[in-house]
2 protein chains.
Amino acid sequence: MLVRKLEGFGPLPEADRKLVARLADGGRQLPPRSDIITEGQNPENVHLIVSGMACRYKLIDSGCRQILAIFLPGDFCDLHVFILDHMDHSISTLTDCTVVDMPRSAVFQMLERPAIAKALWWATLVDEAVLRERLVDIGRRPARERISHLLCEIYVRMQAVGLVDGQSFDFRLTQTDIADALGLTNVSVNKVIMELRRDGVLEASNAHISVLKPDALQAIGKFSDDYLHLT
Amino acid sequence: MLVRKLEGFGPLPEADRKLVARLADGGRQLPPRSDIITEGQNPENVHLIVSGMACRYKLIDSGCRQILAIFLPGDFCDLHVFILDHMDHSISTLTDCTVVDMPRSAVFQMLERPAIAKALWWATLVDEAVLRERLVDIGRRPARERISHLLCEIYVRMQAVGLVDGQSFDFRLTQTDIADALGLTNVSVNKVIMELRRDGVLEASNAHISVLKPDALQAIGKFSDDYLHLT
DNA sequence: CGATAACTTGAATGCCGTCAACAGAAGTGG
DNA sequence: CCACTTCTGTTGACGGCATTCAAGTTATCG
């Protein structure tokens, strides 16, 4: 999965592919809502999502949660943060997940290979671009656009790692998760999604989303995949 | 200014200080609202703000602007982005600015010095943390909190580069700029700021802000400087 | 001194949040 | 296998915060 993602930027030499595959092997299972690392902790390992979805989030005193990033299979949660001495946010699973705890040494091993290093840089910059786009979403787009935009993004990112089958993909986030990612409430999210379903844009059933009208969804969300810098 | 900022992370050897000071020397003057680099362009140089304030922003089709980051003196605008082949956002001045266009070679020169390299990494990670905090602001905090939080942040960041005199600092952003940074309208911003003034928390006159009651402002904005990772 | 931009204020509208009640699914234990 | 609980999803009524619209004032600059 990681190999596939990194090759989204450009092909890797065979030896590099093997190295990455080896380092990303294994992992442990976690149920939904388990913290992988908590705010205030000192980061030791780097974490890679192999299957399932996870998130970066912060809690504020009113008790509500803001999700800052959604991680899909192949994503590193905290590749770059280990320079700082404590986490200023937490990382948690959203669904059942397989997570690899990768020692820093493994990261340095990867960084020694120029092709991998470049791909990791690319992945990091795309993560930032995604964060910026989320800010635009939340700051300036109404709920309907916001939700459609996020769904488009996840659709494209899932495609990039080969997890879309036809027009549908595995999707187990709750509507509350989506709300927390977009600065909305679960109620608003529900109303918009019901609307999208009535309009025949989406289908959502047994832990799957089918995008029946990708073009329509894209138009509603004013989505362009430019910021994902796919090649 | 840049030296001062980088030493916020830890002291630099004398030779490093000189190198940084030399590379950050000079610069050109720009009036407010001039694009430094525009979405779609291919980034060549790296840009350093020496004086004034600038921003990273995106325009959406409805014509409105979302400011993604505010740059103060000593900040790099795009230290890391030059790997990607085109900008997915623009960078523009907000006030009169002095900007240094630094060739990539200068960046590589700095990265060869371990102490500078580490400080640059630190600065980059703090920039990301600021972006995340902005997302929390916009996603989950009401206008009054949001604005107070941003003002606290700017206050602390200005302090870190020695630009706060007593409790006041040079501040030439328009209320519309603040609105665009926080996903609000200029009208709401105005109403909140008038309120803060009536409450004696702030004073704003001839291009300066004085924070009369820093503790109160901090309390209103639920501000903690933790995420700025100052040492 | 005129023109433009920024700030200020009030009134009305509307989107989304809050509250509340219920339905359906999934998992637990008797 | 069936009560029971819990979590998620669904829907409607109401209210509030921020937006929109509009008008007027103050700064700023040539």
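Helices (H or I, at least four residues) and strands (E, at least two) are DSSP runs, numbered from the N terminus. The model on display is predicted: local features need pLDDT of at least 70 and side-chain atom pairs count only at pLDDT 80 or more, whereas totals for chains, interfaces and linings use all residues. Residues are numbered from 1 along each chain as its sequence is written, and chains are lettered from A and ligands numbered from 1 in the order in which they are written.

**Stop 1: chain A as a whole**

Begin by selecting chain A, which has 8 helices and 10 strands. Its radius of gyration, taken over C-alpha atoms, is 18 Å, close to the 17 Å that the globule rule (2.2 Å times the number of residues to the power 0.38) gives for 231 residues, so chain A is as compact as a globular protein of that length. Along the principal axes, the C-alpha atoms of chain A fill a box of roughly 50 × 40 × 30 Å.

A residue is buried if 20 or more other C-beta atoms lie within 10 Å of its own, exposed if 12 or fewer, and partly exposed in between, with C-beta atoms placed from the backbone. By this criterion, buried residues make up 39% of the 231 residues in chain A. Two residues are in contact if their C-beta atoms, placed from the backbone, lie within 7 Å. Among the contacts in chain A with a separation of 6 or more, 72% come from residues 24 or more positions apart.

**Stop 2: the contact between chains A and B**

Next, display both chains and select the residues that touch across them: 30 residues from chain A and 30 residues from chain B take part. On the side of chain A that touches chain B, strand E5 (65–71) and helix H4 (114–140) of chain A are the elements that give two or more residues. H4(A) gives the most to this side, with 13 residues. The residues on this side of chain A divide into 15 nonpolar, 6 polar and 9 charged; Ala, Val, Leu, Ile, Met, Phe, Trp, Tyr, Cys and Pro count as nonpolar, Asp, Glu, Lys and Arg as charged, and the others, Gly among them, as polar.

**Stop 3: the nonpolar core**

Now select Ala54 in both chains. A nonpolar core is a set of buried Ala, Val, Leu, Ile, Met, Phe, Trp, Tyr and Cys residues joined through C-beta atoms within 7 Å. The largest such core has 112 residues, of which Ala54(A) and Ala54(B) touch the most other members. Leaving aside neighbours within four places in sequence, the residues in contact with Ala54(A) include Ile36(A), Ile49(A), Phe71(A), Ile91(A) and Leu94(A).

**Stop 4: strand E7 of chain B**

Move to chain B and select strand E7 (residues 97–102). Two strands pair if DSSP finds at least two bridges between them. Strand E1 (residues 28–30) of chain B runs antiparallel to E7(B) and is joined to it by 3 bridges; here Gln29(B) stands opposite Thr98(B). Strand E3 (residues 46–51) of chain B is likewise antiparallel to E7(B), with 5 bridges between them, and His47(B) has Asp101(B) as its bridge partner.

**Stop 5: the DNA strands**

Of the 16 residues around DNA strand D, Thr174(A), Gln175(A), Pro142(B), Ala143(B) and Ser188(B) come nearest. Helix H6 (175–182) and helix H7 (186–198) of chain A, together with helix H7 (186–198) of chain B, each supply at least two residues of this surface. H7(A) gives the most, with 6 residues, and the surface near DNA strand D divides into 7 nonpolar, 8 polar and 1 charged.

Switch to DNA strand C, which 15 residues surround; the closest are Pro142(A), Ala143(A), Ser188(A), Thr174(B) and Gln175(B). H7 of chain A and, from chain B, helix H6 (175–182) and H7 each supply at least two residues. H7(B) gives the most to the surface near DNA strand C, with 6 residues. This surface divides into 7 nonpolar, 7 polar and 1 charged.

**Stop 6**

Which backbone angle of Lys222(B) is positive? Phi is, at about 50°, although Lys222(B) is not a glycine. Most residues other than glycine have a negative phi. Lys222(B) is found in the segment after helix H8 (214–220) of chain B and is partly exposed, with 17 other C-beta atoms within 10 Å. In chain A, Lys222(A) also has a positive phi of about 50°.

Finally, select Lys5(B), in helix H1 (residues 2–6) of chain B. Is Lys5(B) buried or exposed? Lys5(B) is buried, because 23 other C-beta atoms lie within 10 Å. Leaving aside neighbours within four places in sequence, Lys5(B) is in contact with Gly74(B), Ala123(B), Ala160(B) and Val161(B).

Note on methods:
A residue is near a molecule or strand if its C-beta atom, placed from the backbone, lies within 6 Å of it.
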